[in-house]
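Where does a chain leave enclosed space, and how is that space lined? Rolling a probe the size of a water molecule over the atoms shows where empty space is left.

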Amino acid sequence: MVVSACAKDSGGGTTTASGGACEFATPPSAPAASTTSAVAGDKVDGSALKIGLAYDIGGRGDASFNDLAAAGFDQAIKDMGVAKDNTRELSAAPNEDESLKQGRLRTLASDGFNPIVGVGFAYTEALKVVAPEFPNVRFGLVDSAVEGAANVTPLVFAEQEGAFLAGVVAAYQSKKCHVGFVGGVDIPLIQKFEAGYVQGAKTAAPKIQVEKKYITPAGDFTGFQDPAKGQEIAKGLIDQGADVVYPAAGASGIGVFAAVKQAGVLAIGCDADQYNQPTLAGTRDVIAASSLKRVDVAVYDFFRAAAKNDLASLPKVFDLKVNGVGYATSGGRINAELQGVLEGYRAQIVEGKIKVADRP
């Protein structure tokens, strides 16, 4: 799939080097417009499959990570003709006992569902136990891998590359050259977003100030499902001077957007095109752009490849090069000039001229 971003010229916002508060580095030139386009693949018949999805905490309705997995699941069902009776979705609870994750996967496999996707690294330990019990069941695991498990396909992303572009947007949209990052849980996965965002902002504007704070420490996963805490932390960053805030915090981002709207500043969405998420209709006007993590593409592609018995065809990493991450500019705040800046940086990452760090 090709990530498309609809840019519109807008008189408002800090979108050019001449009009912004930051002193910007000279951006790379945008490449010539690509003539490539997504080509529809051959029709895949999945009518004989029973497919299962085990969500991370938040489940459907988080306006982020899980909703993307749900979108890929739904599209696979539609495109491959999977009967509704042959689908099942199960959700997790914050800080639940590891045995419940194992039980969820074991229930799906025992009931004949195959293939099955575990949405999130939280299923890593559970799959170390459950995958060997069901060697003929094909499992997909978003954001992690299970060493030595031939029937577990890792669906991993270069989140830092999309976050880099979010940092560029934040720098150009900031009126104070002062931006913020809210992480859900202080773990390596979310640190990838922090690292890319900070690098992107500082590459675009070397003197920019970046405030950073996590909702919960490693081990406490409520940070992905606590909008009230997200709102409180975002308010703190705004009080410190940040006027563009980027949350990588799952459903807690809902609270971040609420704080941003109340303060009259701006935000960058994460994972999904959050401007167009129904759950965020009341705060969408503050979302200047979104970094994309195409969990929907990875989930869809996994089910499709499983139906074709061709899991080896999946990319090792869903990165900018394969449109596994990217950006969306819904909302009309990003003009054509800034779109060109973003495409210039995007091309340099794809070509390897810019190496984006995956840790702070």
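## Basis of the values

This is a predicted model, in which local features need pLDDT of at least 70 and side-chain atom pairs count only at pLDDT 80 or more, while totals for chains, interfaces and linings use all residues. Residues are numbered from 1 along each chain as its sequence is written, and side-chain values use heavy atoms, with hydrogens and water left out.

## Enclosed space

The structure holds four cavities of 30 Å³ or more, a cavity being a set of points on a 1 Å grid over the protein atoms alone where a 1.4 Å probe fits but cannot get out, with lining residues having an atom within 4 Å of a point. The largest has about 200 Å³ of space and is lined by 18 residues, of which Phe65, Ile190, Phe224, Gly250 and Asp271 lie nearest its centre.

To this lining β1 (51–57), α1 (65–80) and α5 (188–204) each supply at least two residues, and α5 gives the most, with three. The second largest cavity, with about 40 Å³ of space, has Gly250 and Asp271 in its lining too, along with residues including Ser64, Pro247 and Cys270.

## Helix α8

Helix α8 (residues 295–307; DSSP runs of H or I, at least four residues, count as helices) has 13 residues. Among the buried residues are Tyr300, Phe302, Phe303 and Arg304. After α8 comes asparagine 309, whose phi is positive, near 55°.

Notes: 1 Å grid on protein atoms, 1.4 Å probe; cavity = no way out; pocket = protein on both sides within 12 Å on 5 of 7 lines; lining within 4 Å. Points joined across faces, edges and corners; volume = space filled by probe spheres on them. Expected span 1.5 Å × (residues − 1). Buried < 20%, exposed > 50% of the residue type's maximum accessible area, 1.4 Å probe, protein only.
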